[in-house]
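Thanks for coming, everyone. Please have a look at the sequence and the model before I start.

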Amino acid sequence: MARRLLLSVYKAMPPAIQKHAALYREAMLTARLMRTRSSVRECNICGYVGNFKAFGFPSRLDARCPQCNSLERHRLLKMWFDENKDRMVSKTALHFAPETAVTSFVKPLVSKYVTADLSASLAEIVLNIEAIDLPDSSFDIIICSHVLEHVDDRKALREMHRILKPSGIALLMTPVIEGWPETYENLAITSPQDRALHYGQFDHVRYFGSDIRSRIKDAGFALSEYTAVEPYVHKHALTRGEKIFVASRPL
């Protein structure tokens, strides 16, 4: 009876509303299907096995581990560190805009771990990534995840290159639109509302295109890439094709 009533209500809707209702129903069915046993994920940071939570706006299904709150990019970084443990032993690391999930596996691995942010309440020391108040060749490793889209990336990259020791590496992550050959930025876009409209978030100042590689190299880095691929994408709920840009300071 209830089903027939819902069907009659649906048929009485204008075509445009019917279309939106059908799309909503399809989205709900997709979400329901993704909650079957085949969608069980494994967090490589805390060891949790089960369904992950949606996160972000718009929501990304299976993005957040419900036990340690790690996101896709944190779990991708964990994979890189697991594969490069020998390179990290006895190294010094500087982490900009530190994330608890990342701190949990980096700090025990390196000999010295320092967190930095513009806000004193968010890290151990206050640093402006565009003008880093540290001597040349200060650290072996820099972690800079989802920071470059907020700042003057060219200044930040040059500064990170300067404070890295020779053969040191900067692990860089940021949203990238690979289909765009050039980074999209406009100095006239300044209000939070316009930034959210143009860049996807109120405090972002650009969307990087595929030319992010040349921007990194222009700062003096050699560059390699670490990419989220199967079977780890579905196992650890990673973002398909997401990259860590591994920027190395040459000797």
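Some ground rules. This is a predicted model, where local features need pLDDT of at least 70, side-chain atom pairs count only at pLDDT 80 or more, and totals for chains, interfaces and linings use all residues. Residues are numbered from 1 along each chain as its sequence is written, and side-chain values use heavy atoms, with hydrogens and water left out.

Strands pair if DSSP finds at least two bridges between them.

The sheet, then. It is open, has seven strands and runs in the order β7-β6-β5-β8-β9-β11-β10. Its pairing is mixed. What stands at the edges? β7 (125-126) and β10 (222-227) do. Each has a single partner strand, so one side of each is left without a neighbour in the sheet.

β10 and β11 run antiparallel, joined by six bridges. There, Ser224 stands opposite Val246 in β11. Strand β5 (residues 92-96) pairs with β6 in the parallel sense, over five bridges. Ala93 has Tyr113 in β6 as its bridge partner.

Now burial. Buried means under 20% relative accessible area, exposed means over 50%, and partly exposed is in between, with a 1.4 Å probe and protein chains only. Strand β6 (residues 112-117) is mostly covered, with five of its six residues buried.

Next, helix α6 (residues 153-163). Its buried residues are Asp153, Ala156, Leu157, Glu159, Met160, His161 and Ile163. What covers them? The cover includes β5, β8 (139-145), β9 (164-173) and α8. Contact here means heavy atoms within 4.5 Å.

A side-chain oxygen of Asp152 reaches to within 3.2 Å of the backbone nitrogen of Arg154. The term means a pair of N or O atoms within 3.5 Å; within protein, one must be able to donate a hydrogen and the other to accept it, and residues adjacent in sequence count only if both atoms are side-chain atoms.

On to the largest pocket. About 900 Å³ of space lies in it. Of the 29 residues that line it, the closest to its centre are Arg60, Arg73, His146, Pro175 and His204. A pocket is an open set of points on a 1 Å grid over the protein atoms alone, where a 1.4 Å probe fits, with protein on both sides within 12 Å along at least five of seven lines; lining residues have an atom within 4 Å of a point. Grid points are joined across faces, edges and corners, and the volume is the space filled by probe spheres set on them.

By class, the lining has ten nonpolar, ten polar and nine charged residues. Ala, Val, Leu, Ile, Met, Phe, Trp, Tyr, Cys and Pro count as nonpolar, Asp, Glu, Lys and Arg as charged, and the others, Gly among them, as polar. α3 (72-83) and β11 (243-248) each supply at least two lining residues.

Take His204 from that list. His204 lies in the loop between α7 (192-199) and α8 (212-218). At 7% relative accessibility, His204 is buried. Not counting residues up to four places away in sequence, His204 touches Glu149, His150, Arg195 and Tyr199.

Another loop residue is Asn44, between β1 (41-42) and β2 (49-50). Is Asn44 buried or exposed? Buried, at a relative accessible area of 15%. Leaving aside neighbours within four places in sequence, Asn44 contacts Arg75, Lys78, Met79 and His236. Asn44 and Arg75 are 31 residues apart in sequence, yet 6.4 Å apart in space, C-alpha to C-alpha. The side chain of Asn44 reaches the backbone oxygen of Arg75 at 3.0 Å.

Last, the backbone. Most residues other than glycine have a negative phi, and most peptide bonds are trans. Here are the exceptions I picked.

A cis peptide bond joins Phe57 and Pro58, with omega about -5°. Pro58 sits in the loop between β3 (53-55) and β4 (60-64). Another cis bond joins Glu230 and Pro231, with omega about 5°. Pro231 is in the loop between β10 and α9 (232-236).

Then positive phi. Asp62 has about 55° although it is not a glycine. Asp62 lies in strand β4 and is buried at 2% relative accessibility. Ala237 also has a positive phi, of about 55°. Ala237 lies in the loop between α9 and β11 and counts as buried at 5%.

That is my tour. Questions, please.

Note on methods. Helix = DSSP H or I, 4+ residues; strand = E, 2+ residues; numbered from the N terminus.
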